[in-house]
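User: Hi! Could you walk me through this model in plain words?

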Amino acid sequence: MEERDWQIIKTLYEQKNITKAARILYISQPALTARIKQIEEFLGTKLLYRGNKGITFTESGEHTVKFANKILAELQEFKEEITNMQEDIVGTLRIAAPSILARYFLPKLLGKFQDLYPKAKFDIQVAQSSDVIGLASAQNIHFGFVRNKFDWNESERVLLTTNYVCAVAAQSFKLEDLPHMVRVDYDTDQYYQNLLDGWWQETFSDSPIIGTRVSNLDLCKEMVFNGLGYGILPSILLEEYPQLYSVPLVHKDGSKVSRKTWLIYKKELLELRLPKVFLEFIKDSDFDSFQRNH
């Protein structure tokens, strides 16, 4: 069996769906189905069943998944060790970040880094901060960008920037008007949701009036821009729309509601040259300068 086969098994187990797995693996469904059959014939056992609700792995399949994960991890470690032995700074840097950071900061940041190290490549995952923590803890990535520190080891994190949270609307308003205004709400990670809910409860006695609910920050911003209500958004998003009215959220003690952006990592991975150089690059840079201008 080849590395590709172990990746197929891993992806199928993660997605529990042939269609999704085929899309991620960039192969057709018939080709994937045929390859699964070949793998099962090679191993001499049934690995999975397909049903109306997706894929179910057999006991042999579950055991094979564990072995696949082990093989892929060892292969990745071996590749990185070989890369680390070369003189040039080469290899693939594995990074995970929430969508807002991936969209507004990473393109320019990684472009600048690649200007310095042209042979560097990148494997980027978009995930909520809580999921980034899990990926970094398991060392499935070299670096994670998160919107809160999650009690991560102080010696293995770098504070990059602090942004503020604002109420935003297409028309002029004051914070005390919010309980009587229609809000555009969006799905977000639990930490941030708790932050917003806590601020609201300490500031107002009435519940917010939710007029529209959307799946992400960017869609909320567009709804607000088109007058469907106000939104509570990070200041990162506001430079693109100077015509919107924004008011920073303020705690009772007068301090602004803020979110810090951190880079997290595991020290063991700094034995590899590429992650070590990337960390030095981050520490020597002004993170805010990487925010896109449009």
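User: What should I know about the source and the numbering?

Analyst: This is a predicted model, where local features need pLDDT of at least 70, side-chain atom pairs count only at pLDDT 80 or more, and totals for chains, interfaces and linings use all residues. Residues are numbered from 1 along each chain as its sequence is written, and side-chain values use heavy atoms, with hydrogens and water left out.

User: Thanks. How many helices and strands are in the chain?

Analyst: The chain has 10 helices and 11 strands. These are DSSP runs numbered from the N terminus, with helices being H or I over at least four residues and strands being E over at least two.

User: And what box do the C-alpha atoms fill?

Analyst: Roughly 70 × 50 × 30 Å, taken along the principal axes.

User: What share of the residues is buried?

Analyst: Of 294 residues, 43% count as buried. Buried is under 20% relative accessible area, exposed is over 50%, and partly exposed is in between, using a 1.4 Å probe and protein chains only. The chain exposes about 16000 Å², and carbon and sulfur atoms supply 49% of that. The areas come from the Shrake-Rupley method with a 1.4 Å probe; for residues, only the protein chains shown count as cover.

User: Let's switch to helices. How do α1 and α2 cross?

Analyst: Helix α1 covers residues 3-15 and helix α2 residues 18-25; their axes come within 9 Å and cross at roughly 135°. Axes are lines fitted to C-alpha atoms, for helices over the stretch in contact, and angles run from 0 to 180 degrees between N-to-C directions. The two helices are therefore oblique to each other. On that scale, under 35 degrees is roughly parallel, over 145 roughly antiparallel, 65 to 115 roughly perpendicular, and the rest oblique.

User: Which residues make that contact?

Analyst: From α1 it is R4, Q7, I8, T11, L12 and Q15, and from α2 it is I18, K20, A21, I24 and L25. Contact means heavy atoms within 4.5 Å.

User: What about α1 and α3?

Analyst: The axes of α1 and helix α3 (residues 29-43) come within 11 Å and cross at roughly 110°, which makes α1 roughly perpendicular to α3. Here D5, I8, I9 and L12 of α1 meet L32, R35, I36 and I39 of α3.

User: New topic: is H142 buried or exposed?

Analyst: H142 is buried, at 3% relative accessible area. H142 sits in the loop between α7 (129-137) and β5 (143-146). Leaving out residues up to four places away in sequence, H142 touches E80, T92, L93, R94, I264, Y265, L269, L272 and P275.

User: And where is L196?

Analyst: L196 is in helix α8 (residues 190-203), and L196 is buried, with a relative accessible area of 4%. With residues up to four places away in sequence set aside, L196 touches V165, Y186, I232 and L249.

User: Last one: which residues other than glycine have a positive phi?

Analyst: Among them are Y26, with phi near 60°, and Q139, with a phi of about 60°. Most residues other than glycine have a negative phi. Y26 is in the loop between α2 and α3 and is exposed at 77% relative accessible area. Q139 lies in the loop between α7 and β5, and at 29% relative accessibility Q139 counts as partly exposed.
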